[in-house]
Structures are given as structure tokens and as C-alpha cells.
Amino acid sequence: MGRLWLGLGLVLGWTASLMACFVAGVYFQHRHATRDLQQLVQENPYAYYLSPKIFKAFRFFDPQIEEVHHVQRIMKYGFPGLDDVRIYSDFVLSYDRRNRIAHWVCEHLQGSNLHGQPGVRRSSATYRPDMSVPSTFRASLADYRHSGFDRGHLAAAGNHRGHQVHCNETFFLTNIAPQIGQGFNSGAWNQLETYVRHLTQSFGSVYVCTGPLFKARQQGINKWSLEYQLIGSNMVAVPTHYFKVITIESKLPHGKPYMEAYVLPNAPIPQELELRSFLCDIREIEHFAGLKFFEGLRRSALFGSNYPNQAQVFRDFE
């Protein structure tokens, strides 16, 4: 009988050891797969959409899997569209393969990141094509050369000074579009970018969506025409207008956000024109762009929008 119990004990001991090894192997495989999944979600917007269900299945061992990453932070209020979405280290965009420019570029600006880090320099960055875009649909530096248009940023380089790689990536041609230089890129558009940074410094958290517009002109009753230029051998489209939709989060714990939207013509704009004269109903931008901005934010839940006076924004909103 003693030998029987001894044999049974040995069998149980071996079984327990094997089970422990099996569970340990499953656990480490789980951890490895979780890290791979988190990396995939960082790089692939479609994996990001599926991530809540996938992470739920992965919570068997670790119920506190970290799901917060930069895509979730930047796209907190939803994607305006899902055509060829591309994820960069500090902004997200949708690329228009036909026109060789972005449909939209989304950023989340935070006051703590605007001051920049030592050694981060715009002068260290260079304009270059994003080689991950198929060559058939890719713009080149030659397209802009002698075109008469500036290589205009959609996500401004001045918004991304936390790391040199953040600044460098704003110079990818996927984030660039043809802009009139004097009176627009170096004038009103630059003023708008500076204003957005001022809002960020004042309120701490600002979401920005920027992109091109191609606005038609009415030619008669129920008749419209659309005319725009193309530059370079790759036929990069020159937008007739540009938009910028801004959502400012309140500093108060349960405060409502405030929203502004601008549409500027891609043309020389007189210096005496007030920037707020280009305020636009967000629904008009959505109509022309075919996009839906900040869909995760109910318009009825806004504190306000498009105040006619800039001082009113800083006085009434907090």
C-alpha cells in the first residue's frame, strides 16, 4: 500500500509540474502576443477599431491591460473618414491618393508639449516623400519645384516640438499641400496656426482637424462648376480653400468643450482682414469635404461655437 501511495504521489507531482510549465508557457505567450497586439494597434487604424473586443479576450491573465495609446488620444472624438488612414508619431491623417494630398490631418495639442525640448529644431527636418505610399500615388519634391506654390503644412511643424521625430514627420509630403506663399502661407494661415497654439497655451488641450477643400462656384440655377490647378508630373491637386476645425476642452472637471471652424481661400489675403471673418459653420465644411468632424461629440453638448469676438472666447470659456 505504501508503494502505491508513493507512486501516486510521484504521478501527481509530475502532473502538477507539467501543468505549472504549461500555464507558465501560456502566460508568457499571452504577454508576448499582447505586446505584439499593442504594437499593431499603434500602427494600424483598423486594428485600433477592433482593439476593444480583442483586448477583452486578452484579459484572462491581466485584467488591467493598458489600452491608452497615442491614436486613442489623438482620435478621441472619432475619425472624420477612413480612406487610407496613416498613423504618425504625433498626428494621424487620411491620404487622398487621387489628389496626392491629405483628406484631413488630426492633432491633439497639449500645453505641456508646445514649448519644445532642447535640441528639437525645425532646421534639422527636410521635406521628403513618404515611401510607404505606393509610387503610383505619391507626390514628389519635383512636383512643387518652380510651381509657384509653397509646400504648406497641414499639421504645423511648430505644433510638434516634443521630439525631433515628431517635427521631422510633419515634413512628409503626405502632410503637405500646395499653398499660395505671400499673403496666405506666410500670412493668414500662419496667423491661424499661431492662434491655435495660443489657445493651447491658455486652455491646455486642443483638438485640431485640418485639410483642403475644393469649393465649386455657382454658374446658374442648380448649376455649379469646379476648377482647380494641378502641379507636377504627378498632378498634385491645388485646393481652392483650406479648413481648420478646432475643439477646445474645458479646464473644469465636467466642463463642456468649445468649437471653432475656419475656411480660408488659397489666395493672397489682405493683412487688414480679421481672421475671424473666415469663421464658418462646421456643417458647410462637412458638406464640401464629405467628412464628419468630432462625431463622438454631440453638438448639443458644446459650451458654444464660433464666437464673433476673440476676447469673448478667453473671457467666457474656461
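Reader: What share of the residues in the protein chain is buried?
Author: In this predicted model, 46% of the 318 residues are buried.

Reader: And how many helices and strands are there?
Author: The chain has eight helices and 13 strands.

Reader: Now the inside. Which residues touch the most other members of the largest nonpolar core?
Author: Those are Leu 199, Ile 248, Tyr 262 and Leu 264, in a core of 45 residues. Elements that each supply at least two residues of this core include β2 (92-96), β3 (101-110), α6 (181-203) and β12 (258-265).

Reader: Which one gives the most?
Author: That's α6, with eight residues.

Reader: I'm curious about Tyr 262. What is it in contact with, leaving aside neighbours within four places in sequence?
Author: Among its partners are Leu 192, Tyr 195, Phe 243, Ile 246, Leu 279 and Ile 285. Ile 285 is also in a second, separate core of 26 residues, which includes Val 71, Tyr 77 and Ala 261 as well.

Reader: Switching to pockets: what volume does the largest pocket have?
Author: About 370 Å³.

Reader: Which residues lie nearest its centre?
Author: Lys 215, Arg 217, Glu 227, Tyr 228 and Thr 240, out of 16 lining residues. The lining is made up of seven nonpolar, six polar and three charged residues.

Conventions
Residues are numbered from 1 along each chain as its sequence is written. This is a predicted model: local features need pLDDT of at least 70, side-chain atom pairs count only at pLDDT 80 or more; totals for chains, interfaces and linings use all residues. Side-chain values use heavy atoms; hydrogens and water are left out. On a 1 Å grid over the protein atoms alone, a cavity is a set of points where a 1.4 Å probe fits but cannot get out, and a pocket is an open set with protein on both sides within 12 Å along at least five of seven lines; lining residues have an atom within 4 Å of a point. Grid points are joined across faces, edges and corners, and a volume is the space filled by probe spheres set on the points. Ala, Val, Leu, Ile, Met, Phe, Trp, Tyr, Cys and Pro count as nonpolar, Asp, Glu, Lys and Arg as charged, and the others, Gly among them, as polar. A nonpolar core is a set of buried Ala, Val, Leu, Ile, Met, Phe, Trp, Tyr and Cys residues joined through side-chain atoms within 4.5 Å. Buried means under 20% relative accessible area, exposed over 50%, partly exposed in between (1.4 Å probe, protein chains only). Helices (H or I, at least four residues) and strands (E, at least two) are DSSP runs, numbered from the N terminus. Contact means heavy atoms within 4.5 Å.
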